[in-house]
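This report looks at one multi-chain model, beginning with a single chain and ending with the contacts between chains.

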Amino acid sequence: MVTLSDVLSVCQSYPQWLQQQHETALLQTRFNDGSSVVFSLLTHETSIAGSAEVESVQTEAKSI
Amino acid sequence: MLAKPLLDFLTNPSRFVEQADGARWTVFLQLARQHGLTARCHYMLQSQGLMSQVPEQIRRHGLSAARYSKKQQHSLFYELQQLEAVFGRADFPCVLLKGAAYRALALPMSYGRLFADIDILVPKAQLRSARDKLFFAGFAELPLSDYDRAYYLTWSHQNPPLQHYQRGTVIDLHHHIYPPASAKHIDIQVLLEHAVPLPGSAFLVPTLAHLFLHAAVHLFYQEETHRLLKDIFDLQDLLNEVQQQQQLEFIWQQAQQMQVQSALIDACQVLLALFDNQAARQLLTQYSVLRRQRLGARLVLAMLTGSGMNAWVARQLWFLRGHSFKMRWHILLYHAVAKPANGLRQLWRSKLKPR
Amino acid sequence: MTDFAINTAPFSVLVSSRSPALRKALTELYPPSLLSEVDDSTIYDFTLDVRRRWAGWGRPFHVSSGQQHFRMTDKAQLVPVFEWGLNWCIASYQHQYLAIHAAVLERDGKALILPAPPGSGKSTLCAVLMQEGWRLLSDEMCLIDLSNGVIWPYVRPVSLKNQSIALIKQWYPDARVRQVTVGTTKGTVGYLLPSELSWQAYQQPAKAAWVVFPQYQPEQTELMLTPLPKADAFMHLAYNSFNYNVLAEEGFTALSALVQQCVTYRLEYADINQVIRELNALC
């Protein structure tokens, strides 16, 4: 089922979206082996946290 | 017409949901994907409170498409944000058109709408300046043959498509909404003058009336048919918005100023016939053009709802009609002859020439 | 018209075709219970059209979904092109699962995920494990449920390429490899039939427990099974996904949960018997 937040985030206008981007949010997962990954809600890029060289996942969807 | 089940859904979703069996839903899924309307249909079901009557399988595919369109919305907004710095100090208006404008305004019709590139309009005198700004921000023209490039610059209403070297985003930079070399002379000065700034952004958007007129021009003054259903449906939603924002009076007056009344009337006649659109009825009645259905409207209706033969004939006529609008005959002739000749020359150079 | 349906799960497909050749070939690959006439009361998730059309020199088959054309082929390659066409439909349109390019097998309710690019020996390894008694969920597509993280099977014939066809037949003389086609864009392709166990449980999900990135290294004498930092495993899985980027934070959250609950390894091997031994000990 579609949740209310799904619908609301689609109803958002560009000016509303811009206002929210002042605080760039990151999602972080800490794994139980000590390593960690982060996801940027702004750029939609994923990277390994803490490493000097940041590896990132491209933004294009792949196909077979 | 093949897309009939999808048209049935769009004109009356609740009746469709009530009556559809498995076979009809299967065809619906297939057509909705083909026309890029799956997510949009999903939001229609949602907003009309029909979701609980829809089979689970259809809901899953709708949600799946909604996820994709949500990602697209994010990509668009992120790209616009990157462009803020580029256009922030421009001393001329940069106006978002079509899908980008619908999305930026969060019009209900933009939920689930798919789009391929970002359309931006700038005044003709500043096209070069805008292109240079984009160039320094990493946008370059896609590779084109000399002929195609010359065609764009001489006859078309836009710069050749510009693509970002890293992000891959494509921008269509327009200086007009319609080829100036064509038989139609459309005045877009009023569109630029009335454009509204987006709060916090360097971009402007046309008024709803102008968005509608652009979409109508786009559909009725050309020859293509593959996005017909989606285009018509865009018009339906846009006109309802125009009415809600009380711009019906304004739209008629603007159509006159821009010299695009025929596109407005064609569009209204189609919307009245297909969706019984009340805003369309009001406009047509008020300006007494309710009776005589124009050729453009008749052809679109025949293509969408006519039987095989009628639809076929309508398509051929639509093609001729569209071409005759788009280019004056001598240009069309030049294009038709020069392009294949140029192609042969290219082929000779690249493949056949002995080395 | 000889339209028919393949009632696989979680996706069914309606095949619209005027030629009986394809259906006949597919009866060798799918169990009779899943191939059927089209039923008007059923919703089919995808529709593939397979039509012969005039194309200048001949009348090859066109495989398409509606007006979206996938590929043109002659009769000899109809089966692989159909199978790829179906994969293409699903990879293009489905975002209800996080889909990763990986083989998935199950034992005791726990799933082993083998993600890998082509050429890593993933399909061969997948075929071997299935012959050794693991239940096949998929040789190609790991479908992760976004709501609860379980892995859904998508049982289809296992696609084997080139030398691996002969190897599997040599190692397992009773392995049923069907519809071997030479000269495709991927070389020779053949389809190993899923085991009875795999077909019987074709709608039964499993819980992810191991992620192993296999790499066939012909020069290697000793097998190497190296623990992989979970963050690295996450990045490789994301990179091997069809729709991780489309799913954005939903994808990140689901993949995080999956990696958290799994143990993650890199596997470099040359000898398949060593692999079987090692994985039996590990899992």
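## Basis of the model

The model is predicted, so local features are given only at pLDDT of at least 70 and side-chain atom pairs count only at pLDDT 80 or more, whereas totals for chains, interfaces and linings use all residues. Residues are numbered from 1 along each chain as its sequence is written, while chains are lettered from A and ligands numbered from 1 in the order in which they are written.

## Chain B overall

Chain B contains 17 helices and seven strands, where helices (H or I, at least four residues) and strands (E, at least two) are DSSP runs numbered from the N terminus. Its radius of gyration is 21 Å, close to the 20 Å that the globule rule gives for 355 residues, so chain B is as compact as a globular protein of that length; the radius is taken over C-alpha atoms, and the rule is 2.2 Å times the number of residues to the power 0.38. The C-alpha trace of chain B spans about 65 × 50 × 50 Å along its principal axes.

Of the 355 residues in chain B, 41% are buried (20 or more other C-beta atoms within 10 Å of the residue's own, with C-beta atoms placed from the backbone). Among contacts in chain B between residues at least 6 apart in sequence, 69% join residues at least 24 apart, a contact being two residues whose C-beta atoms, placed from the backbone, lie within 7 Å.

## A helix pair in chain B

The axes of α10(B) (residues 208-220) and α11(B) (residues 228-244) come within 9 Å and cross at roughly 160 degrees, which makes α10(B) roughly antiparallel to α11(B) (angles over 145 degrees). Axes here are lines fitted to C-alpha atoms over the stretch in contact, with angles from 0 to 180 degrees between N-to-C directions.

Residues of α10(B), including B:Leu208, B:Phe212 and B:Leu219, meet residues of α11(B), among them B:Asp231, B:Leu235 and B:Val242. The residues of this contact divide into 11 nonpolar, no polar and three charged, with Ala, Val, Leu, Ile, Met, Phe, Trp, Tyr, Cys and Pro counted as nonpolar, Asp, Glu, Lys and Arg as charged, and the others, Gly among them, as polar.

## Interfaces with chain A

Between chains C and A, 23 residues of chain C are in contact with 21 residues of chain A. On the side of chain C, α7(C) gives the most, with nine residues, and the residues of that side divide into 15 nonpolar, six polar and two charged.

The contact between chains A and B takes 18 residues from chain A and 19 residues from chain B. On the side of chain A, α1 (4-11) and α2 (14-20) are the elements that give two or more residues.

Key. Angles under 35 degrees count as roughly parallel, over 145 as roughly antiparallel, 65 to 115 as roughly perpendicular and the rest as oblique. A residue is buried if 20 or more other C-beta atoms lie within 10 Å of its own, exposed if 12 or fewer, and partly exposed in between; C-beta atoms are placed from the backbone.
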